Amino acid sequence: MSASDLTRFDQFLAIPPEDIRARAKLALSRSDLDCLHTCAVMGEVNWDYYRAVNNAWKADLVYRHDGLEHGWSVAFIREQISQVTYSQYALNGEDVQEWIYGRIFPRGQYIRRIRTQHNPLNVIDELELALPPETDLEGVWKQQQKEFELEGIQLIQHFPDNQFVQEICFLPGDQNFTVRVVFSAGKRRKELIFPIALRYRPLLKSLEKAYSFDDTRPIVNPKEPLQRASTEELQEALLGLWCAVRDYDSSKDLSVPGYIKQQVTWHMGDVYVSRSEVIEGPFGEPQRVLKSEIERSGGSLDDSIPSGDEGINQTLGDTLPDLKSTPPDANVLLAQIIDSLVDEVDRQIIHLMRQEIPQKEIAKQLKMSQSAISQRLNRMRRHFSS
């Protein structure tokens, strides 16, 4: 911020409270106040100076809209807006510190709460605008929600390599610090959580559970903090969220939650496709299998294998028996394969598959899940290939 800008703020404060016309000539805007707030955050001006300018600017705004009607002077409005009520109490297992600003502000009270739980690293900074009970909360929230959602997105897009911005806007470091923005009217509430990753935690954890990029992964812990991201699936979900935030185009007026859910889901699907391949199952049906699982079973079915005959290229898949062919000895071969299976359930599965019964119906008849049937078929495929 330039010296001339700071001079304007000094002039603004120097004008007597009731001379609202003189202050109006300086034409301070909301964006000017936002720039001053940024300077306070960066330590270029002190917070008391910012609050003095902000409260004076806000008092003029209140005076023009409501002061004349209620008979309030600018000095009276400034005094009321600057009042702060502090309290400390315990609620639902949380220690709460609460500050209430501007008790007569006609559009509502501004309340800040710091909530700490038994874990001292779990801190919630709650900012609430408490509106009158008769307020059309849905209408107000519809106007404000996207603006708040874009706050963190635009900061990340402007400073993608800034670690401080990443922790404040996307995902905090070791400390689980959450900011909750709340609009309330009576008992009705609307809220938005920052940083962004914590806001979309349910989506990330559901995708972590839905996808498997490695069949040897550890058991998913639904309560594990996002910061640890101990599974590849959660790491990829976080990467998908970061890419969605980075690439969001505000000029297209897209729904932020809808866009992010779509992009992260697509990202997970693309990763799964890249880490798997479609192979022919033991009964000729196409199925997608993780490459890591194929490697542990002896390699891809499309991999070439040595052949004693020159000019003949043979793959591992070529060595598998074709259970759908009907040469004279096919039934004999199939009987030998079935006899080689020790597990009676596997034998029943093959018997039902030969009758062209779908896996879903087989699972129902054997009182098993369809995924359990697929796992057994995969195991039998590896058995046949060996």
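Rings of Phe, Tyr and Trp pair if their centres lie within 6.5 Å, with the six-membered ring used for Trp. The exercises below apply this and other rules to a predicted model.

**Exercise 1. Aromatic rings**

Find how many aromatic pairs the structure holds. Then classify the pair of tryptophan 72 and phenylalanine 76.

Solution. 
- The count comes to nine aromatic pairs.
- For tryptophan 72 and phenylalanine 76, the ring centres are 6.4 Å apart. The limit is 6.5 Å, so they pair.
- Their planes stand at 45 degrees to each other. Stacked needs under 30 degrees and edge-to-face over 60, so the pair is tilted.
- One aromatic cluster is formed by Trp141, Phe148 and Phe183.

**Exercise 2. Buried or partly exposed?**

Decide whether tryptophan 72 is buried or exposed. Do likewise for phenylalanine 76.

Solution. 
- Tryptophan 72 has 19% relative accessibility, so it counts as buried.
- Phenylalanine 76 has 31%, so it counts as partly exposed.

**Exercise 3. Charges over rings**

Find which ring lies under the charged end of arginine 112. Then find the ring for arginine 199.

Solution. 
- The charged end of arginine 112 sits over the ring of tryptophan 99, at 5.8 Å from its centre.
- Arginine 199 lies over the face of phenylalanine 194, and the distance to the ring centre is 4.8 Å.

**Exercise 4. A strand and its partner**

Describe the setting of strand 4, residues 122-131, and its pairing with strand 3.

Solution. 
- Eight of the ten residues of strand 4 are buried, so the rest of the structure largely encloses it.
- Strand 3 (residues 109-116) pairs with strand 4 in the antiparallel sense, over eight bridges.
- Within this pairing, threonine 116 stands opposite valine 123 of strand 4.

**Exercise 5. Checking a helix**

Solution. 

**Exercise 6. Confidence**

Find where in the protein chain confidence is lowest and where it is highest.

Solution. 
- The chain has a mean pLDDT of 80, and 81% of its residues reach 70 or more.
- Confidence is lowest in strand 9 (residues 304-305), at a mean of 54, and highest in helix 11, at 93.
- Over residues 323-328, pLDDT stays under 50. The model has six contacts for them beyond four places in sequence.

Technical notes:
Residues are numbered from 1 along each chain as its sequence is written. This is a predicted model: local features need pLDDT of at least 70, side-chain atom pairs count only at pLDDT 80 or more; totals for chains, interfaces and linings use all residues. Side-chain values use heavy atoms; hydrogens and water are left out. pLDDT is the predictor's confidence in each residue, from 0 to 100. Helices (H or I, at least four residues) and strands (E, at least two) are DSSP runs, numbered from the N terminus. Contact means heavy atoms within 4.5 Å. Buried means under 20% relative accessible area, exposed over 50%, partly exposed in between (1.4 Å probe, protein chains only). A charge sits over a ring if NZ of Lys or CZ of Arg is within 6 Å of the ring centre and within 35 degrees of the ring normal. Two strands pair if DSSP finds at least two bridges between them.
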